[in-house]
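Morning, everyone. Please look at the structure on the screen while I talk.

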Amino acid sequence: MDNLFDKLMEDIRFEEGLNACMNCGVCTAICPAAEFYSYDPRKIVDIVQSRNNELIEDLLKSEQIWYCGECMSCKTRCPRGNAPGLIIMALRGLSQDLGYFTESEKGRQQLAIKRTIGESILNTGYCVYIDGISPEFHPEQGPTWEWVHENRVDLIERLGGNYKGDGPGILRKIPQETLDELKKIFEVTGGLERYEKIESYSKKKAAEMNLDFDEGIDNEYFSHIYKTNNGSHTR
Amino acid sequence: MKNEGKKAVWSEYQKEIADDKFFYVRSCIRQNFFPGSEVAFLRILKEVLGKDVYEHPCHTTCSGIGYHGDIVPFETAMTVVARQFALMTEAGYENYVPSCITSFGLYTEILDTWHHFPEVEKKIRKNLKEATGREFEAPKNLAHASDVIFKFRKEIAAKAKYKLINKNTGEPLRVVDHIGCHYAKMFPSKGVGGAEYPYVLAGMIEEWGGQVIDYPERRHCCGFGFRQYLVQANRGFSVACSKEKFESMQPFKPDMIITNCPGCPMFLDRWQYVINEIEGKQYGQNGEGIPVFTYEEVAGLVLGFDPWDLGLQMHQTDCEPVLDKIGIEYSPEDKYKLNSLNHSQPKHLVVNV
């Protein structure tokens, strides 16, 4: 079995984020996620620095590592210069590389982020694009957003944007040659490999859970991971 | 003047901000939710201040939301950013100005990584060359768009039509500033005032006549938390964070909130609507919400731009209470006017009542 601590050390953010933690708990005191979730970044750093392979494996399969919001408030406050948020990012990366992310409800959500944000990056050149921010998936955006979304062509023009237009400007169409460059970057740097791993491990999990799995967002597994909250995550 | 005494003490909280020839890169979130703010930024820089600002049509997302959603590896994000730097280099610019705090945080993280690990920068250069054939120089100056407005806050004040003052009482408006986590929490030396005394928005507020409110949860995250909002099942975290801030600021009776990030104004605006829908609670005065603005919107209002040119009709929490307090002239009937053919309006026109 791989030594998981060594694998974490291959991530430069882990090297940067973990010095000797003295377990003072300041990170937990300042952490917005620890206020809301059953979450304690101090314990996570303590487990990681124990170098105990079994405990680290449990962590990679746990809900715990998906509670952080990556606000990085912990980095400012740690008296030893640690960054639990960076350690979390390294843990999440390794959890996805090894396929452990599908073992937790929160981890399984990575497919939803890949299918929305991830595919938007490669298909549009934007992390999010107004066409895809539907009121149906975003009821919290309220009635004004419904109006904005319905009238986006006229409204963006009214405000001086360049909706799907050529050249520079707000919400311009990103040229195909640029999208080709982005895709090539993802291919060369492991971005596409990450996407493929998220897809293949998720497909396997969907079969285990007896949920229909298909491309896009209109299928049983996507709907399940996007909307399910078993209610056991908060304090 | 010698760098000693108070000047020396505060020098680590200062930041060098270029004063012209900016290479501007847009924000994914801001273009969708606050397009008028980016239009206003360019109008202020180019038309009001006479600066040279260049936007390359082939720049893209920095991939930051994907990076912090943990689906985009660091190496990929670094190479995407390196491509943005290459576009700047090819266009002959050196002063890089992102319109987004997530981007700004990612750029500072990448430049810091390259500083400490030169072999990583070398690898990214190789990646970029292999993927695109491009080469780059790192920016000579990296400033967030709000840093640039902060730098020119006095020039804007000198040309202002309005001040952040209640026209009926003559008192300064009470303003909450929300800096956004990735502006200075990760790399304090890269933000005006650092992580302890962030002054980028407070400086604008004070210069334009307002009064900055200090309150217990002033530095708390708005609740975006990337995956904590992006996935519907997690949004309880997001609204809970904003609620904590509203509860904390309410006793200080803020007239308005001014924000630094692209995402924060959207969350602080929309979650007020959601909390009102769920609990029937409003946090502003007279049963209204607290209007939330971007710094470009506030700069534009101060300079006398039309509120509907700034895109304030896209806010869910109505901005009119602040416009009325300042005495800004606006046409209520033009709020949702689009063109001669389209006369649509949102279903619920006023949510604050």
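Start with one pair. R134(B) makes a salt bridge with E181(A), and their closest N and O atoms lie 2.8 Å apart. A salt bridge here is a side-chain nitrogen of Lys or Arg within 4 Å of a carboxyl oxygen of Asp or Glu. Across the interface of chain B and chain A, the rule finds eight salt bridges. By class, the side of chain B that touches chain A has 40 nonpolar, 33 polar and 19 charged residues.

A word on the model. It is predicted: local features need pLDDT of at least 70, side-chain atom pairs need 80 or more, and totals for chains, interfaces and linings use all residues. Residues count from 1 along each chain as written, chains are lettered from A and ligands numbered from 1 in written order, and side-chain values use heavy atoms, without hydrogens or water.

Now the whole interface. In chain B, 92 residues contact 86 residues of chain A; contact means heavy atoms within 4.5 Å. The buried area between the two chains is about 7,500 Å², with 59% from carbon and sulfur atoms. That is accessible area (1.4 Å probe) lost on putting two parts together, summed over both. On the chain B side, D70(B), I71(B) and R227(B) lose the most area to chain A, together 10% of what that side buries.

Last, a helix. Which residues of α6 (residues 53–60) of chain A are buried? They are N53(A), I56(A), E57(A), L59(A) and L60(A). Buried means under 20% relative accessible area (1.4 Å probe, protein chains only). Helices are DSSP runs (H or I, at least four residues), numbered from the N terminus.

Notes. Ala, Val, Leu, Ile, Met, Phe, Trp, Tyr, Cys and Pro count as nonpolar, Asp, Glu, Lys and Arg as charged, and the others, Gly among them, as polar. Buried means under 20% relative accessible area, exposed over 50%, partly exposed in between (1.4 Å probe, protein chains only). Helices (H or I, at least four residues) and strands (E, at least two) are DSSP runs, numbered from the N terminus.
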